[in-house]
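Q: I have a new model open and would like to learn how to read its features. Could we go through them together?

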Amino acid sequence: MIRDIISAIFLISILAIPVIWWLAGWSRRVYTFPRYILACINIVFSKCWWRTSIPPNLPVPIDKGAVLIANHRSSADPFFIQVAAHRVVHWMVAREYVEHPALAWFLRQSGAIGANRGGRDTKAIRHAIELLKAGELVGVLPEGRINMTDQLLLPVRPGAAMIAQHAGVPIVPIYIIGAPYDRTPQSAFMMRARVIVKIGEPIDTSTGTPQELMEQATREIARLAEVDDFQPQHAGRNWKPTSADLKEALATAEQRKRRS
């Protein structure tokens with residue numbers, strides 16, 4: 001009986017720690033309570049399962065907005081960046097996921113911005129700009145799909161730079177090493193990994209075209225990756241991979257898996 005009481009007290013204490021920490025700490029400034037609980041779960045999962053190594057701080061003041069961009073090797077990439085940001089990151093997510101019954105609550109609590117896959121989504125862009133002007137972070141994966149090739153980056157779209165320019169905020173380039181992925185979105189969550197997140201210096205967006213700014217940002221990602229001969233490629237706003245591109249990417253991913 002006494003052992004059961006002690007066990008119950010211990011369990012309640014463990015569950016109460018996040019609540020007490022949130023009520024007493026700085027987290028109330030940057031998280032709602034549901035988002036804080038999700039962030040705690042993400043930290044534990046990322047640190048223990050994926051053994052994620054991150055820099056101590058994001059080079060952006062806590063009350064200032066920025067657009068975060070990164071290479072895209074895994075469906076789990078936003079989770080690593082969320083841990084590194086120490087703040088809510090509002091990700092541009094395909095609208096069908098935001099409206100999916102199984103994902104809607106989670107993505108809404110995560111602050112996701114639902115956007116159309118094809119063409120420019122004026123409503124989503126306007127929402128992202130409003131968030132940035134209010135001092136929030138917006139995350140964009142400019143390759144548009146998971147990179148399963150041997151290239152450092154696929155051709156990138158200029159949308160992230162355009163949003164940053166309109167909001168008057170910097171772009172922060174991020175490079176992720178070791179992200180798990182095995183051809184399906186859910187595979188990343190079944191795989192152990194050792195992930196390293198590298199964060200570059202903020203890029204001023206007050207001058208230059210979106211294309212020029214994206215070139216500068218992707219060159220910074222290449223510098224973080226220690227790739228000296230990288231040549232940025234632009235996909236254009238409406239670029240989509242062909243079925244042949246996807247088949248080639250899957251074949252390359254399978255070859256890489258066999259080699260490793």
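Predicted model: local features only at pLDDT ≥ 70, side-chain atom pairs only at ≥ 80, totals over all residues.

Q: Which residue forms a salt bridge with Glu 220?
A: Side chains of opposite charge can pair when their charged atoms come close. The cut-off here is a side-chain nitrogen of Lys or Arg within 4 Å of a carboxyl oxygen of Asp or Glu. In this case the partner is Arg 223, with the closest N and O atoms 2.7 Å apart. Both residues sit in helix 8 (residues 210-224), three residues apart, or about one turn of the helix. By this rule the count comes to one salt bridge.

Q: How many helices and strands does the protein chain have?
A: Helices (H or I, at least four residues) and strands (E, at least two) are DSSP runs, numbered from the N terminus. The protein chain has nine helices and six strands. Of its 260 residues, 43% count as buried.

Q: How do I read the crossing of helix 6 and helix 7?
A: Axes are lines fitted to C-alpha atoms, for helices over the stretch in contact, and angles run from 0 to 180 degrees between N-to-C directions. Angles under 35 degrees count as roughly parallel, over 145 as roughly antiparallel, 65 to 115 as roughly perpendicular and the rest as oblique. The axes of helix 6 (residues 122-133) and helix 7 (residues 159-167) come within 9 Å and cross at roughly 50°, and the two helices are therefore oblique to each other.

Q: Which residues make that contact?
A: Contact means heavy atoms within 4.5 Å. Helix 6 contributes Ile 125, Ala 128, Ile 129, Leu 132 and Lys 133, and helix 7 contributes Met 162, Ile 163, His 166 and Ala 167.

Q: Where is His 86 found?
A: His 86 lies in the loop between helix 3 (77-85) and strand 2 (89-94). Its phi is positive, about 60°, although His 86 is not a glycine. At 30% relative accessibility, His 86 counts as partly exposed.

Note on methods: Residues numbered from 1 in each chain as written. Heavy atoms only, no water. Buried < 20%, exposed > 50% of the residue type's maximum accessible area, 1.4 Å probe, protein only.
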